[in-house]
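The sequence and structure are shown first.

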Protein chains: 2
Amino acid sequence: MTAPAAPARSQAGPAPQDAFSRLQALVAEDMGRVNHLIATRMASEHAPRIPEITRHLVEAGGKRLRPILTLAAARLCGYEGEHHVLLAATVEFIHTATLLHDDVVDESAQRRGRPTANLLWDNKSSVLVGDFLFSRSFQLMVEADSLRVLAILADASAVIAEGEVMQLATANDLSTGEDAYLRMIHGKTAALFAAASEVGGVIAEAEESRIEALRAYGQALGMAFQIVDDLLDYGGSSAALGKNVGDDFREGKVTLPVLLAAAAAPDDAARDFWVRVIERREQGEDDLPHALELMRASGALAETEARARAYAEEARAALAPFPASPLREALADVVDFVVSRLN
Amino acid sequence: MTAPAAPARSQAGPAPQDAFSRLQALVAEDMGRVNHLIATRMASEHAPRIPEITRHLVEAGGKRLRPILTLAAARLCGYEGEHHVLLAATVEFIHTATLLHDDVVDESAQRRGRPTANLLWDNKSSVLVGDFLFSRSFQLMVEADSLRVLAILADASAVIAEGEVMQLATANDLSTGEDAYLRMIHGKTAALFAAASEVGGVIAEAEESRIEALRAYGQALGMAFQIVDDLLDYGGSSAALGKNVGDDFREGKVTLPVLLAAAAAPDDAARDFWVRVIERREQGEDDLPHALELMRASGALAETEARARAYAEEARAALAPFPASPLREALADVVDFVVSRLN
């Protein structure tokens, strides 16, 4: 059997934002049921603080990209049952739990343009409500009645937590290698994208090659997504100074742009600069612009963008085993949507 | 079929500490394998901080009461397989994860006589390593290959988190009713005792009535355990001022001794006292002794002890469906061990 050609990258197609809207529209009915299920299952008769905090985060209007992947993957495999709705809600609960804990760990004050739960309530509530949502996700996936799905999501959860611990340990450490960086972003981001896509195929009982293709698609899309995020924290490849730029820098996070720029430092002055601002976190007013200049001059920004685009192409190519359909095209074009944030 | 008589409370039997040693000895070989599995599965190739922190807590010499319940319950039902070891390790991982998060939430400095992980490392690491251990527990239970076991442990996890959030919300609130207190300690303690015992019966494919008996045993034992703990925080029913006494008081936690004493306050002065020290947390040097005096005079301490003993009797009685055996006797006598901490 000859596999249909992989969907080519659209050269002059519709705007990437439209691609995301198209994908949303294709799973809109399912997503309505996911939202209803999320609203029902975040309830707690005895601890009203749980739905208060969850609602604050869930209703802040995230894109719901991860549950959309689960729904789209299941439908792409012709699934006609009900369990994909359970699994999509599961994936969103896992994601929400990690956001609550991330904001405690990063001491963040803003998320999705609103004050974080740890700021509005307190760290304690964020930790415990995160635990509750993680447990709820687990209850939901048990209802989907598939040990294979449970194994995939349990593994993803462990890899996520491991990635977060790695991130703590590598912060402010310039000796972090590229391998460690890639493993870390696989954990903190790509593992859930991969699992979200894969379980859609598993629940649909698709052929193994297609399940593997969906996993590869989610994995590559997640890697592209996180590298783009890390690049945007330095204003993108054009390094335009906008709002939110520099958060990672101020925390001394060792992301790909920093890693590449430090490795390509042209002289001792540049090397000393990176050690001072990232490892010792001694930063003055002119340091962020100087860091951006070093990143631009060393080609670190361009190289980071190239890596993101390579993962994006990998994600597109992974869809090759599926015959052409509006859903396959939308999933392929959503890759552009993720990378389009750089423009 | 006539059920064998419930094991009677030993009037002049061996000391309760011996009962616990006897139970430990009866499952010692299994427990060795649980410890080995815990050591293996706490490892993380890429994030060495995970086993460092876990080892700090796991090797501090907790009693391992919860995994012992799982092993003993499975053996009591004649189980000859291997999965009880997986489930016992699962239960200990869930427990360890909740301890890590509890110490962050309570800002504790000591646990099992050693400085807490949040003090030795930081809150961030405790949150994330707790998440990792919770995910690991989930992976382990998936290996046990039973959707029913997964449902029981998923439900227990959600109830635990809900109980912890309830505890946050009821702290410093004297209007907390006894119902709310009992629901809260069911969540924070008894739910895992119940699940730990129940899954031993489920994995052994025991009769439903025996599975239900094991669940009831764990549930009542857990309730007794937590009420004893709450009473010990006021020095036990004799209210002897020893070390560690008064932690709950200083935090303004609304536990059973406080609840009962405040409800039985003889006059406005006593009522005002409880509002000041628990709700407003304005405490001076003489307030703890005065609180103890009010608790003793109102009968709150004696009543709290009576409640703990009633749950203990309930736990013993729950074992009635099982024929007499050294394991049944040890489980029955361990109830005394839990309550003996009051003497």
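Because A:Arg276 lies in helix 13 (residues 268-279) of chain A and A:Asp287 in helix 14 (residues 287-297) of chain A, the pair ties together parts that are eleven residues apart in sequence. Helices (H or I, at least four residues) are DSSP runs, numbered from the N terminus. A:Asp287, at 9% relative accessibility, counts as buried.

## Basis of the model

This is a predicted model, in which local features need pLDDT of at least 70 and side-chain atom pairs count only at pLDDT 80 or more, while totals for chains, interfaces and linings use all residues. Residues are numbered from 1 along each chain as its sequence is written, chains are lettered from A and ligands numbered from 1 in the order in which they are written, and side-chain values use heavy atoms, with hydrogens and water left out.

## Other salt bridges

Side chains of opposite charge can pair when their charged atoms come close. Over all chains, the structure holds 45 salt bridges. One of them joins A:Arg307 to A:Glu178, with the closest N and O atoms 2.8 Å apart. This pair links distant parts of the chain, since A:Arg307 is in helix 15 (residues 300-318) of chain A and A:Glu178 in helix 9 (residues 178-203) of chain A, 129 residues apart. A:Arg307 is partly exposed at 22% relative accessibility, and A:Glu178 is partly exposed at 30%.

A further salt bridge connects the side chains of A:Lys253 and A:Asp248 at 4.0 Å, N to O. A:Lys253 is buried, with a relative accessible area of 12%, and A:Asp248 is buried at 9%.

## Interface of chains A and B

In chain A, 41 residues are in contact with 41 residues of chain B, contact meaning heavy atoms within 4.5 Å. The area buried between the two chains is about 3800 Å², and carbon and sulfur atoms give 76% of it; buried area is the accessible area (1.4 Å probe) that two parts lose on being put together, summed over both. A:Leu128, A:Phe138 and A:Leu147 supply 17% of the area that chain A buries against chain B, more than any other three residues.

Across this interface the rule finds zero salt bridges. It does find twelve residue pairs in polar contact, both residues at pLDDT 80 or more. A polar contact is a pair of N or O atoms within 3.5 Å; within protein, one must be able to donate a hydrogen and the other to accept it, and residues adjacent in sequence count only if both atoms are side-chain atoms. Helix 8 of chain A gives the largest share of the side of chain A that touches chain B, namely 15 residues.

## Thr96 in helix 5

A:Thr96 is found in helix 5 of chain A and is buried at 2% relative accessibility. The side chain of A:Thr96 reaches the backbone oxygen of A:Glu92 at 2.7 Å. Leaving aside neighbours within four places in sequence, A:Thr96 is in contact with A:Leu57, A:Val58 and A:Leu133.

How values were computed: Helices (H or I, at least four residues) and strands (E, at least two) are DSSP runs, numbered from the N terminus. Buried means under 20% relative accessible area, exposed over 50%, partly exposed in between (1.4 Å probe, protein chains only).
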